[in-house]
Amino acid sequence: MPLVDPLRLAPLLGLWAGRFDVDALAECDSTSSEVLRRAEAGAPAGLVVVADRQTAGRGRRGRVWHAEPEDALTFSLLWRIEGPPAGLAGLSLAVGLALVQALERLGFHALGLKWPNDVLGLCSGGWAKLAGVLVELSSGPRGTQVVIGIGINLRAPRATLDQAVAGLADLGPVPDRHAVLAALLASLGEVLAHFARQGFAPLRSAWEARHAWAGQKVRVSIDAGRELTGNCVGVDLDGSLLLSCPEGLRRVVAGDVSLRALSGGASE
Ligand code: BTN
C-alpha cells in the first residue's frame, strides 16, 4: 500500500476535495510523465498522481530528480488554463509561491523563493533547497495544458556537490504527509484560480516578499553558455527576473535559468 492514502486526504482537503482526483502509486517512472500520459488519454484537470518512488524522476534542465520514499513527497498535478502558453511566464513563480504559502500555513518559517520557483529553507548554513518544481506546458484546442511536478523534501537528502539541500525536518516538526499534501494542493488550487483570472501581477509583491536573493549579486547562466552578472532587483509583472547589470537593467525571461551566488548561499 502506498504511503499516501487518498481516502485520508479527502477530509483534509475540505472544500478542495472535489477539485482533485488523487491517485497514489507505490512506484512509477515519473509522476509528471504519468500525468502527461493520462492527460493525453483525456484525463480531466485536477488529476494528481503521487508516488512513493520514481524510477526516472525528472528535474529542470534535464536533470535527474532522486528522492527516498520515506523522506520526500513527490507528486504531479494536471491543470488547464484558457488561452495560449505565451501569457503564462509567471505561472512557474505562482506555483513556487503557492508552496511557500502552504508551508507557512503549516507553521514553517524561514522560507524563501529562488527564481523562478525553488523553495528554500533558512538552515544553519544559509539557504538550502527544500523543494523543486517542474512546470510543463503544452497547448491544445482547449487552451493550455499544465503539468506541475513537485518534489518536496520532508527530510534532507544526501547533500549534492553543487547545492545545499534541506528537509522540512530541519525547520520544525514535520506533519503527517497527508496534511502536507492537502495543504500544498489547497494552496495550489487557490493560487492557480487567482492566476487564471489575473495572471502573475497581483502575486508579485507576495513573491518578492519571499525572494531569498533580493538585492544580492548573482550570476545567471542563460542558454548557449551565456552568463549575466548583476544584482537581483526583483521580478517583473510577468514573472521575469530583473537584474541590475553594469550595462543597465536586464530582464531574464528564459524558463531555465540558474543563479549562482558569487559568494556563499544556495546555488543550482
Ligand atoms: C527541479 O529541478 O528543481 C524540479 C524537480 C521536480 C521534481 C518533481 S518530483 C515529482 C515530479 N515528477 C518528476 O519526474 N519531477 C517532478
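This briefing walks through a ligand site, the pocket around it and a few backbone details. The model is predicted, so local features are given only at pLDDT of at least 70 and side-chain atom pairs only at pLDDT 80 or more, while totals for chains, interfaces and linings use all residues. Residues are numbered from 1 along each chain as its sequence is written, and side-chain values use heavy atoms, with hydrogens and water left out.

**Ligand contacts**

- The shell around the ligand holds 20 residues, with S30, Q54, R58, R60 and K129 coming nearest; a residue counts as near if one of its heavy atoms lies within 4 Å.
- Polar contacts here are pairs of N or O atoms within 3.5 Å.
- R58 uses its backbone: a polar atom there is 2.6 Å from a ligand nitrogen.
- Q54 has a side-chain N or O atom 2.8 Å from a nitrogen of the ligand, and T31 puts a polar side-chain atom 3.0 Å from a ligand nitrogen.
- On its own the ligand exposes 420 Å², and the protein buries 99% of that (accessible areas by the Shrake-Rupley method with a 1.4 Å probe).

**Who builds the shell**

- α2 (31-40), β3 (72-81), β6 (126-140) and β7 (143-153) each give two or more residues to the ligand shell; helices (H or I, at least four residues) and strands (E, at least two) are DSSP runs, numbered from the N terminus.
- β6 gives the most, with four residues.
- By class, the shell has five nonpolar, 11 polar and four charged residues. Ala, Val, Leu, Ile, Met, Phe, Trp, Tyr, Cys and Pro count as nonpolar, Asp, Glu, Lys and Arg as charged, and the others, Gly among them, as polar.

**The pocket**

- The ligand sits in the largest pocket, where sitting in it takes more than half of the ligand's atoms within 2 Å of the pocket's grid points.
- A pocket is an open set of points on a 1 Å grid over the protein atoms alone, fitting a 1.4 Å probe, with protein on both sides within 12 Å along at least five of seven lines; lining residues have an atom within 4 Å of a point.
- Its space comes to about 750 Å³, taken as the space filled by probe spheres set on the points.
- The lining has 38 residues, and V64, W65, H66, A67 and T160 lie nearest the centre.
- That lining splits into 12 nonpolar, 15 polar and 11 charged residues.

**Backbone details**

- D5 caps the N-terminal end of α1 (residues 6-13), with a side-chain oxygen 2.9 Å from the backbone nitrogen of L7.
- G14 follows α1 and has a positive phi, near 55°.
- R61 is not a glycine, yet its phi is positive at about 55°; R61 is in the loop between β2 (47-54) and β3.
- The W115 to P116 peptide bond is cis, with omega near 0°, and P116 lies in the loop between β4 (111-114) and β5 (118-123).

Conventions. A polar contact is a pair of N or O atoms within 3.5 Å; within protein, one must be able to donate a hydrogen and the other to accept it, and residues adjacent in sequence count only if both atoms are side-chain atoms.
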